[in-house]
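Biologist: I have not looked at this one before. Can you walk me through it?

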Amino acid sequence: MGSLCGSFCEPTGSQLNGTGWAVQGGRKEGVFSCAEAAENELPLPTFNVSQLIESFAMRGLSKKQMVILSGSHTQLKNDCSQATFNTTLEIFMDTITPGEFDANYYKVLSEHKGLFTSDQSLFDDRRTRNLVKKLKSERRFDHQFGKAMRAMGAVGVRAEGQDRRNCRTVNPW
């Protein structure tokens, strides 16, 4: 559940490949980050739908929001660092339009070509299949994704931290 739109400290909008959404302002940012701690918060790629629903519910997010936010995988690529024959090998999770942020992630799942169990199970499980089918519509995905990102932006908001002038760097004072 990494940030696709930058940080949430500017109450303007965010855009990714033409898909835009308004983001909430005033979120406090920490002064350091720990990649290991962040990765521990992410659902595992081996999770099934029940585990995914539970993982998102613990953060106050619905099953529908989970399926929508999973669409962010449309632009992810996985590095195969264990491959001794080619350490730069990349596998795109969306093979229809690799590198594009669009609804084709859901088309890939409908064709039973999801890379991870956690992705493919969204289409294979009756509890989420209809959501996947509906989100193949670019217009619906674009509209719903912004709403789900705002909901995720409200998860874990802290009272301590700093209001940053530049969301990508710690304030110098």
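This is a predicted model: local features need pLDDT of at least 70, side-chain atom pairs count only at pLDDT 80 or more; totals for chains, interfaces and linings use all residues.

Biologist: How many helices and strands does the protein chain have?

Modeller: Seven helices and four strands. Those are DSSP runs numbered from the N terminus, helices being H or I with at least four residues and strands E with at least two. In sequence order the pattern reads β-β-α-α-α-β-β-α-α-α-α.

Biologist: And what share of the residues is buried?

Modeller: Of the 173 residues, 38% are buried. Buried means under 20% relative accessible area, exposed over 50%, and partly exposed in between, with a 1.4 Å probe and protein chains only.

Biologist: Switching topic, which residues does UniProt list for "binding site"?

Modeller: The unreviewed UniProt entry gives T74, D94, T97 and D102. Positions are in the numbering used here, feature names are shortened, and annotations may be inferred rather than shown by experiment.

Biologist: Why say that they gather at one spot?

Modeller: They span 29 residues in sequence, but no two of their C-alpha atoms are more than 9.3 Å apart, so they gather at one spot.

Biologist: Where is T97?

Modeller: T97 is in the loop between β4 (90-92) and α4 (104-110). D102 lies in the loop between β4 and α4 too.

Biologist: Is D102 buried or exposed?

Modeller: D102 is buried, at 10% relative accessible area. T97 has 21% and counts as partly exposed.

Biologist: What is D102 in contact with?

Modeller: Leaving aside neighbours within four places in sequence, D102 is in contact with T74, D94, T97, E138 and F141. Contact means heavy atoms within 4.5 Å. The side chains of D102 and T97 also make a polar contact of 2.6 Å. That term means a pair of N or O atoms within 3.5 Å; within protein, one must be able to donate a hydrogen and the other to accept it, and residues adjacent in sequence count only if both atoms are side-chain atoms.

Biologist: Last one: where is F32, and is it buried or exposed?

Modeller: F32 is in the loop between β2 (19-22) and α1 (35-40). With a relative accessible area of 71%, F32 is exposed.

Conventions: Residues are numbered from 1 along each chain as its sequence is written. Side-chain values use heavy atoms; hydrogens and water are left out.
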